[in-house]
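User: Could you walk me through reading the packing features of a model? I would like the general idea each time, and then the case at hand.

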Amino acid sequence: MVDVLLGLQWGDEGKGKIVDYLASNYDIVARFQGGPNAGHTLYLDEKKYVLHTIPSGIFRENVQNVIGNGVVIDPTILCKEIDQLSTAGVEFLSRLYIAQKAHLILPSHRFLDAVMEAAKGDGKIGSTLKGIGPTYTDKIARHGLRIGDVFLSDFEERYNKLKANHLRMASAFPSVDFDLEGEEKAWMASIERLKKLQFVNSAYFINKAIKDGKKILAEGAQGSMLDIDYGTYPFVTSSNTITSGVCNGLGVAPQQIGEVIGITKAYCTRVGGGPFPTELTGEIGEEIRKAGGEFGATTGRPRRCGWIDLPQLKYTIMINGVTQLVMTKADVLDVFDEVCAATAYETATGTTDEVPFDMVTNCPKPVYKAYKGWKKDLTTIRQFGNFPIELQEYVQEMEELLEIPFSIISVGPGREQLVVRKEQTLA
């Protein structure tokens, strides 16, 4: 069976840390979508690691890690990650596998991303400028290059043809500052390095592992509200970030999906443009941002912050088939006398707990319920029963409203700063 771990909000929910914690229970951790626009931050032995492409199970010595075919890969960024881990003394190359069908991000994809985003002016969607959108566009248009193609005799010819197409498209937009020649040189050197790694036909690799009784954890990259079909379109990413994306991204059948572990912060954040019903633009939002260190791991951009949004969570729980929940960053709210949760939306047609078709032009107004703050440092607590009663009641009411149990609550960035509720853990 394949268990799934994914974010239920607009990303940055703390997926990497939870994957790292759970990975010791699995034989394989596999990324199923996204690219280096992801930034999974882990703190191990007082060192900070940010993973953009490599799965977050890489720090567990006996766990194999697969970059699935649903992922798009920038060779230069992947090589930098490899160097970061190698410099830190992590032994991992024998446990890292790359799907042959994963698509390549070319330097010209990034150039095209930059000129197109710049041309949008005030209509920017908040792209990370990593070339993700243009790469997925080429994939759908059947123009793309896959990483397995690097071994073909005509790879250079295919590369130059695709680059020329990108440059023709980019010529329709005002130019931007981008050292394409320099980026291309580094990219080609990285391709030569990656040729020495282990490549697999991921569908066969994963399904053989299932047949052999191996336990597999599928790791999502972006949050569910950024899904290309079910997110706040067009302010979304270019792939399917929800559970159904596991089937396409790894090559497994739907009946092979087991537990679906959904992660939410104790509050909510979003990077870049797009609707955000519970956003707090004043002093409280700034206080959450500072306390939570809410700056993008990939871009460094300050994240927009707001209260937790229960209608939005009910929606992503439904479309993902979530079986258990994880709450991260509960400790960030330690200082507040009162915390709030949106329990419904006010719309032109009345009150609802459904996410509307279009949040972009008609962002709903949240209906809040206030809860008494716990006003206690949570960072050293390891048992749910030792939480302040206010937090216990807050979590229990969330469970009643969402109809799913919280199995883990994170109270700090460290691997050990987790409260695991054994009675709720299903994995």
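**Cores, rings and helices**

Analyst: Happy to. Let's begin with one residue and its contacts (heavy atoms within 4.5 Å): leaving out residues up to four places away in sequence, Ile288 touches Tyr267, Leu280, Glu294, Cys305, Trp307, Val332, Leu333 and Phe336. This is a predicted model, where local features need pLDDT of at least 70 and side-chain atom pairs count only at pLDDT 80 or more, while totals for chains, interfaces and linings use all residues. Residues are numbered from 1 along each chain as its sequence is written, and side-chain values use heavy atoms, with hydrogens and water left out.

User: Which residues of the largest nonpolar core touch the most other members?

Analyst: A nonpolar core is a set of buried Ala, Val, Leu, Ile, Met, Phe, Trp, Tyr and Cys residues joined through side-chain atoms within 4.5 Å; buried means under 20% relative accessible area, with a 1.4 Å probe and protein chains only. Here the largest core has 56 residues, and Val246, Ile288, Leu333, Phe387 and Tyr394 touch the most other members. Helix H11 (residues 389-402) gives the most to this core, with five residues; helices are DSSP runs of H or I, at least four residues, numbered from the N terminus. Another core lies apart from it, with 32 residues, including Val71 and Leu162.

User: How many aromatic pairs does a search of the whole structure find?

Analyst: A pair of aromatic rings is described by the distance of the centres and the angle of the planes. Rings of Phe, Tyr and Trp (its six-membered ring) pair if their centres lie within 6.5 Å; planes under 30 degrees apart are stacked, over 60 edge-to-face, and the rest tilted. The search finds 11 pairs. One of them, Phe155 with Tyr159, is tilted, at 6.5 Å centre to centre and 45° between the planes.

User: Why are Phe155 and Tyr159 separated by about one helical turn?

Analyst: Because they are four residues apart in helix H5 (residues 155-170). Phe155 counts as buried at 7% relative accessibility, and Tyr159 is buried at 1%. An edge-to-face pair is formed by Phe384 and Phe387, with 5.6 Å between centres and 75° between planes. Phe384 and Phe387 are both buried.

User: Which charged end sits over the ring of Phe384?

Analyst: A charge sits over a ring if NZ of Lys or CZ of Arg is within 6 Å of the ring centre and within 35 degrees of the ring normal. For Phe384, the charged end is that of Arg421, 4.0 Å from the ring centre.

Methods
Helix = DSSP H or I, 4+ residues; strand = E, 2+ residues; numbered from the N terminus. Buried < 20%, exposed > 50% of the residue type's maximum accessible area, 1.4 Å probe, protein only.
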